[in-house]
Amino acid sequence: MENTQHVPMNSIQVHTTKDYSLFKTLNGNRDVNQLHLTRLKESIKKNHLTTIIMVNDKFEIIDGQHRYLISQELNLPINYIISKNYGLNEVQILNANMKNWATIDYVNGYCDLGYKDYIIYRDFVEKYPFQSAVIILLLNGEHESGKKNNLYVKFKQGLFKVKDLNNAISIAEKFLMLEPFYKGYLRRNFQVAIYGMLKNKNFDFNEFLIKLKQQPTTLQDCTCVSQYKDLIEEIYNYRRRDKVNLRY
């Protein structure tokens, strides 16, 4: 094992080594973020940054997974401090108090790396200022009953793909056409409900607009997608002899 240097820093002792095999990942810690890894690596190289990681007495990395991997890749020494008896609970506390990346951080990062689907996403947001979950749904083209959390996980991992831009634009324009009838037209649950209706072969958007013109104040705030669907179906069936089921 390579000898380590011990550099006192006030009451905290900082150790330095290039023996990368000393360190281990901690089971249950957050996955490595490839975008963060790439951007941090470029920053460290460009600015010649010196970084420190935190490990426990088993040399499991408590804080600094990305810094450790970058230092190893760049053949830089590892500066570390040992916090005895630290484990997953302490990792979770540290993570909870760190600034989480916002959607725009991921978008700008992947755009900087030249990911064309994220460039399309950013351009789309500038024209249609909807919530990120809605835009991801529109551009990806999956039904709202799918695992939306998985869509966002893929989005953060750089795996987001635009499947049908023209269809996304068409639906976005329909959302905008609803503004005169409902001040809450930008609400995520409302837009997801409308998106689902547009997937229903029994739903005619133009007929829905006609019904809204006949009842311009009927759209109201609802707490969830299913409630919006109930309300939309009720409005759609107004004075209709052959009632249609739009919820399933």
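Leaving aside its neighbours within four places in sequence, with which residues is K211 in contact? In this predicted model, in which local features need pLDDT of at least 70 and side-chain atom pairs count only at pLDDT 80 or more, totals for chains, interfaces and linings use all residues. Residues are numbered from 1 along each chain as its sequence is written, and side-chain values use heavy atoms, with hydrogens and water left out.

Apart from those sequence neighbours, K211 is in contact (heavy atoms within 4.5 Å) with I235, Y236, N237, Y238 and R240. K211 belongs to helix α10, residues 205-214, helices being DSSP runs of H or I of at least four residues, numbered from the N terminus. With a relative accessibility of 8%, K211 counts as buried, a term that denotes under 20% relative accessible area with a 1.4 Å probe and protein chains only. K211 also lies over the face of Y236, at 5.8 Å from the ring centre, where the criterion is NZ of Lys or CZ of Arg within 6 Å of the ring centre and within 35 degrees of the ring normal. K174 lies over the face of F205, likewise at 5.8 Å from the ring centre.

Helix α9 (residues 188-198) is largely enclosed by the rest of the structure, because nine of its 11 residues are buried. The buried residues of α9, among them F190 and Y195, pack against α6 (132-140), α8 (165-177), α10 and α11 (225-236).

The structure holds 21 aromatic pairs, defined by ring centres within 6.5 Å, with planes under 30 degrees apart counted as stacked, over 60 as edge-to-face and the rest as tilted. The rings of F124 and Y128 have centres 4.8 Å apart and planes at 45 degrees, so this pair is tilted; both F124 and Y128 are buried.

Note on methods:
Phe/Tyr/Trp six-rings, centres within 6.5 Å; stacked < 30°, edge-to-face > 60°. Buried < 20%, exposed > 50% of the residue type's maximum accessible area, 1.4 Å probe, protein only. Helix = DSSP H or I, 4+ residues; strand = E, 2+ residues; numbered from the N terminus.
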